[in-house]
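This report describes one protein chain for a reader who is new to structural analysis. Please look over the sequence and the model before reading on.

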Amino acid sequence: MSTLVSTSDHPARDQADYWRHAIREAFGPFHVRPAREGGFAARFRGRTLGPVEAGEVRAPAHAVRRGARQIAFGAHRTFTVVIPHRAVPPPSGEAAEAVWAIKEWIEAHLRDPDLTPAAIAAAHHVSVRQLYRLFGPSGTTVARYVRDRRLERCRRELSDPSQAGRRISAIARGWGLPDAAGFSRAFRAAYGLPPSAYRARALGLRCRD
């Protein structure tokens with residue numbers, strides 16, 4: 001079960017008051033004071049996981065205060081769990097958006113020979129395991145996605161008459177694939193022909209390189 005409280009459905013002048021009410025309902029009596037006047041775009045997402053209730057708050061800068069009378073509880077026991085954000089999978093909609101953004105970033109860095117899953121994960125502040133989990137629904141892995149995109153870029157250049165004078169090994173190396181033999185095997189597996197034969201067929205040339 002999940003709940004979502006958002007101030008976005010309320011006029012800007014009423015958002016802070018609505019948020020105060022929502023926070024009091026969720027966490028008890030608090031005094032909430034926004035850092036500045038105007039709209040207060042905030043959101044609270046709560047989930048019930050069996051006997052555990054978890055919540056995420058996103059809000060602009062604000063001060064929260066609870067008076068001495070409000071914290072004078074009776075005997076109680078508090079159990080706190082701290083979980084790194086990167087260890088918690090985002091909701092499906094946010095996961096799709098994250099993959100869309102990561103793929104764009106990968107596309108812009110395909111020429112980098114150090115474009116590894118670890119480097120991609122670090123650039124997006126997630127663990128490598130979480131990165132692979134994000135790509136899971138797409139039916140591929142992040143490493144395979146990078147390889148396939150690099151092979152596609154090489155295929156385009158092999159089909160480009162303006163690149164006909166470049167060595168195939170140079171094209172592959174330029175897209176982060178320095179192992180000539182490994183590139184040739186991967187290219188043939190992907191497109192059914194070795195790179196030299198593919199170029200010859202695409203450009204009407206005799207096989208070379």
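Leaving aside its neighbours within four places in sequence, with which residues is Leu-131 in contact? They are Ile-102, Pro-117, Ile-120, Ala-121, Val-126 and Val-142, where contact means heavy atoms within 4.5 Å.

The model is predicted, so local features need pLDDT of at least 70 and side-chain atom pairs count only at pLDDT 80 or more, while totals for chains, interfaces and linings use all residues. Residues are numbered from 1 along each chain as its sequence is written, and side-chain values use heavy atoms, with hydrogens and water left out.

**Overall arrangement**

The chain contains eight helices and five strands; these are DSSP runs numbered from the N terminus, with helices (H or I) of at least four residues and strands (E) of at least two. Along the sequence they follow the pattern β-α-β-β-β-β-α-α-α-α-α-α-α. Of the 209 residues, 27% are buried. Buried means under 20% relative accessible area, exposed over 50%, and partly exposed in between (1.4 Å probe, protein chains only).

**Nonpolar cores**

A nonpolar core is a set of buried Ala, Val, Leu, Ile, Met, Phe, Trp, Tyr and Cys residues joined through side-chain atoms within 4.5 Å. The largest has 25 residues, and Leu-131 and Phe-183 are among those with the most contacts inside it. Two or more residues come from each of α2 (92-108), α3 (117-123), α4 (128-135), α5 (142-158), α6 (168-174) and α7 (180-191). Helix α5 gives the largest share, six residues. Apart from this core lies another of nine residues, including Phe-40 and Phe-44.

Helix α5 also holds Arg-149, which counts as buried at 18% relative accessibility. Not counting residues up to four places away in sequence, Arg-149 touches Glu-107, Leu-110 and Arg-156.

**Aromatic pairs**

Rings of Phe, Tyr and Trp (its six-membered ring) pair if their centres lie within 6.5 Å; planes under 30 degrees apart count as stacked, over 60 as edge-to-face and the rest as tilted.

| Pair | Centre distance | Plane angle | Type |
|---|---|---|---|
| Phe-187 and Tyr-198 | 5.4 Å | 80 degrees | edge-to-face |
| Tyr-191 and Tyr-198 | 6.1 Å | 50 degrees | tilted |

Phe-187 lies in helix α7 and Tyr-198 in helix α8 (residues 195-203), so their pair ties together parts that are 11 residues apart in sequence. Phe-187 is buried at 0% relative accessibility, as is Tyr-198 at 11%, whereas Tyr-191 is partly exposed at 25%.
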